[in-house]
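Q: I've got a new model open and I'd like to learn how to read it. Where do we start?

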Amino acid sequence: MAYGILVEMILSHSLESFPSEELYRYSRYLKEQGYGTPSITCDDYASLIEYMRHDKKNDTCDSINFTLLSSPGQVLIDRTASEAQILAAFDIFRDLME
């Protein structure tokens, strides 16, 4: 769950100008609290996208809905991201957690 929040923060930064300082602060927190390095690889991306398509927030399987942030405490519901944007967020996530 903590990793999913970080991916949503990355999307929030990319799509809604969420402050990068907060994104880096949270990723440092995860490392400091001993969450470890996630074991996902690029080979896992397709499966992760498929799981995301079946989330209860989605109206259809065609789009993936997120709850994003424009700033701390400023929630934006029913936001969507393209598969390419999600894949880029996964790459950034893996870089941040190394």
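A: Let's start with touching: contact means heavy atoms within 4.5 Å. This is a predicted model, where local features need pLDDT of at least 70, side-chain atom pairs count only at pLDDT 80 or more, and totals for chains, interfaces and linings use all residues. Residues are numbered from 1 along each chain as its sequence is written, and side-chain values use heavy atoms, with hydrogens and water left out.

Q: Okay, what does phenylalanine 18 touch, not counting residues up to four places away in sequence?

A: Phenylalanine 18 touches Met9, Ser12, His13, Leu23, Leu69, Ser70, Ser71 and Pro72. As for Ser71, it sits 53 residues along the chain from phenylalanine 18, yet their C-alpha atoms are separated by 5.1 Å.

Q: Is phenylalanine 18 buried or exposed?

A: Phenylalanine 18 has a relative accessible area of 2%, so it counts as buried. You'll find phenylalanine 18 in the loop between helix 1 and helix 2. Those element names come from DSSP runs: helices are H or I with at least four residues, strands are E with at least two, and numbering goes from the N terminus.

Q: Which residues of helix 2 are buried?

A: In helix 2, the buried ones are Leu23, Tyr26, Ser27 and Leu30. They cover an arc of only 100 degrees around the axis, which puts them on the same side of helix 2. That arc is taken over the directions from the helix axis to the C-beta atoms. The buried residues of helix 2 pack against helix 1 (2–16) and helix 4 (83–96), while the face turned away from the buried side carries the exposed Glu21 and Glu32.

Q: And which residues are buried in helix 4?

A: Ile86, Ala89, Phe90, Phe93 and Leu96. Their arc is only 125 degrees around the axis, so they are on the same side of helix 4. Their cover includes helix 1, helix 2, helix 3, strand 1 (64–71) and strand 2 (74–81). On the face turned away from that buried side, helix 4 carries the exposed Ala84 and Asp95.

Q: How should I read the largest nonpolar core?

A: In soluble globular proteins, nonpolar side chains tend to be buried together. A nonpolar core is a set of buried Ala, Val, Leu, Ile, Met, Phe, Trp, Tyr and Cys residues joined through side-chain atoms within 4.5 Å. The largest one here has 23 residues, and Leu6, Ile10, Leu11, Met52, Phe66, Ile86 and Phe90 touch the most other members. Helix 1 gives the most to this core, with 6 residues.

Q: What polar contact does the side chain of arginine 53 make?

A: A polar contact is a pair of N or O atoms within 3.5 Å; within protein, one must be able to donate a hydrogen and the other to accept it, and residues adjacent in sequence count only if both atoms are side-chain atoms. Arginine 53, in helix 3, makes one with the side chain of glutamate 83 at 2.9 Å. At 19% relative accessibility, arginine 53 counts as buried.

Definitions and conventions. Buried < 20%, exposed > 50% of the residue type's maximum accessible area, 1.4 Å probe, protein only.
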